[in-house]
Amino acid sequence: MNNSYFDLYVTQLKRYNLTSQEINEGGITYCTLGEWLSRTTQANADIQAIRGLCPDLEHKQQNKEQISRYKARLNCIVPSALLSGGIGKDNAYERTGLMLIDIDAADNKWVTDWEQFKRSLFERMNKGKNVLYMGRSVSGLGLVVIIPVAYPDRHEEHFKAVQADFASDYVVKVFGHPIVIDGKSERISSKQCLWYDPQPMTNRDATAYMRLIEKPKPRRRTASNGKDFDLETWLRANGVDYRITKDNDFGIQYEVRCPWEQYHTTGEGKRAHTLFRYNDGGIGYRCMHNSCSCRTWKDYRKAIEKGV
């Protein structure tokens, strides 16, 4: 691993939910990334207790309250920012250029062997040389991934790009599923409790991740110029069942089937799969399931035309 990344200072919290008094009494300190990672190779009593409660995902979910009590006592890291006076994004006075990605079993139930998956994912994803560190989570049923980013002030846009990469067609081809990452990592002040992996995967030659996905800009409402893509004709031509749920000054909203529903890890509930046709002719797509949160109209159109 590039030693300069090891030497970066990160924020360390005494425990996950600090009180104002604990903050004022030194609950926030700093250490280098290398110092923190050296601690993750040893399991203290709380981590051992958590591992004992998590032989598999079913037990992890059954023992959620007990696990939360143990995790509440563990030190935490805020890898992406140096904080002062509080633990919110407004307390960040410097960005480190590090992003921690949390891959959890609850969102990726198809993974059955996390040690094997860790090694395979590291080998596959590190062809781009951007993965700095990869280790097992505190429960053992998940992964912690650290990636250096090129533009710390654009952390959120880097996250969107990483999220899309983990759900890419390449990943689906290799693993049979998109990899869902926890959305909390988009926040610059996101924290992670102490984890444990005595044999993590590291890359001494890691380079900064460059890709960005910009946040969509608000659309100006304008009258259609008659040259817009005919969405409803396209839907019918491709055999897509749809239902108009809104038609107002902003445009038209359609409820449609998600072509990636086989990868959803939860029931439908109120999570609609929606197409939007804005009055300026623009088109958008949204599915609220975690595995599809990065999908766009371009992805949807490609999937439907391929017959997914």
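Q: Which strands does helix H11 (residues 297–305) lie across, and at about what angle to E14 does it run?
A: In this predicted model, helix H11 lies across strand E12 (251–256), E13 and E14. Its direction is at about 85° to E14. The angle is taken between N-to-C directions on a scale from 0 to 180 degrees.

Q: Why is Glu-305 called partly exposed rather than buried or exposed?
A: Glu-305, which is found in helix H11, has a relative accessible area of 43%. Buried means under 20% and exposed means over 50%, so Glu-305 at 43% is partly exposed.

Q: Which residues is Glu-305 in contact with, leaving aside its neighbours within four places in sequence?
A: Glu-305 is in contact with Trp-234 and Asn-238. Contact requires heavy atoms within 4.5 Å. The C-alpha atoms of Glu-305 and Arg-211 are separated by 27 Å, and these two residues are 94 apart along the chain.

Q: What is the order of the open sheet that holds E11, E12, E13 and E14, and what is the sense of its pairing?
A: The four strands stand in the order E11-E12-E13-E14, with antiparallel pairing. Strand E11 (242–247) and strand E14 (283–287) are the edge strands, as each pairs on one side only. From one strand to the next the twist averages 25°.

Q: How do you know that strand E13 (residues 273–278) and E14 are paired?
A: Two strands pair if there are at least two bridges between them. E13 and E14 are joined by five bridges, so they meet the rule. Within this pair, Leu-275 stands opposite Tyr-285 in E14.

Q: What makes strand E8 (residues 142–148) mostly covered?
A: Seven of the seven residues in E8 are buried, and buried means under 20% relative accessible area. Gly-142, Val-144, Ile-146 and Pro-148 are buried on one side. Leu-143, Val-145 and Ile-147 are buried on the other, and both faces of E8 are therefore covered.

Q: How many bridges does E8 form with strand E6 (residues 98–104), and how many with strand E7 (residues 133–136)?
A: E6 and E8 pair over seven bridges in the antiparallel sense, and Asp-102 has Val-144 in E8 as its bridge partner. E7 and E8 pair over four bridges, also antiparallel, and Arg-136 has Leu-143 in E8 as its bridge partner. The hairpin of E7 and E8 has five residues between the strands, and in it Gly-140 takes a positive phi near 90°.

Q: Which residues of the largest nonpolar core touch the most other members?
A: They are Ile-101, Ile-103, Leu-121 and Trp-195, in a core of 61 residues. Another core lies apart from it and has 20 residues, among them Leu-231, Trp-260, Cys-287 and Cys-292. In soluble globular proteins, nonpolar side chains tend to be buried together.

Q: Which residues does Ile-103 touch, not counting residues up to four places away in sequence?
A: The contacts of Ile-103 include Trp-114, Leu-121, Phe-166 and Ile-179. Gly-142, Leu-143 and Val-145 are also among them, and these three belong to the buried residues of E8.

Q: Why is Cys-76 called buried?
A: Cys-76 has 0% relative accessibility. The cut-off for buried is under 20%, so Cys-76 counts as buried. Cys-258 is also buried, with a relative accessible area of 0%.

Q: Where is Ile-87 placed, and what makes it partly exposed?
A: Ile-87 is in the loop between strand E4 (81–83) and strand E5 (92–95). Its relative accessible area is 25%, which lies between the cut-offs of 20% and 50%, so Ile-87 is partly exposed. Among the residues it touches are Leu-13, Tyr-16 and Lys-191. The C-alpha atoms of Ile-87 and Tyr-16 are separated by 9.9 Å.

Q: What is the pLDDT over residues 219–227?
A: It stays under 50 there, on a confidence scale from 0 to 100. The model has eleven contacts beyond four places in sequence for residues 219–227. The chain averages a pLDDT of 86, and 91% of the residues score at least 70.

Definitions and conventions. Residues are numbered from 1 along each chain as its sequence is written. This is a predicted model: local features need pLDDT of at least 70, side-chain atom pairs count only at pLDDT 80 or more; totals for chains, interfaces and linings use all residues. Side-chain values use heavy atoms; hydrogens and water are left out. Helices (H or I, at least four residues) and strands (E, at least two) are DSSP runs, numbered from the N terminus. Buried means under 20% relative accessible area, exposed over 50%, partly exposed in between (1.4 Å probe, protein chains only). A nonpolar core is a set of buried Ala, Val, Leu, Ile, Met, Phe, Trp, Tyr and Cys residues joined through side-chain atoms within 4.5 Å. pLDDT is the predictor's confidence in each residue, from 0 to 100.
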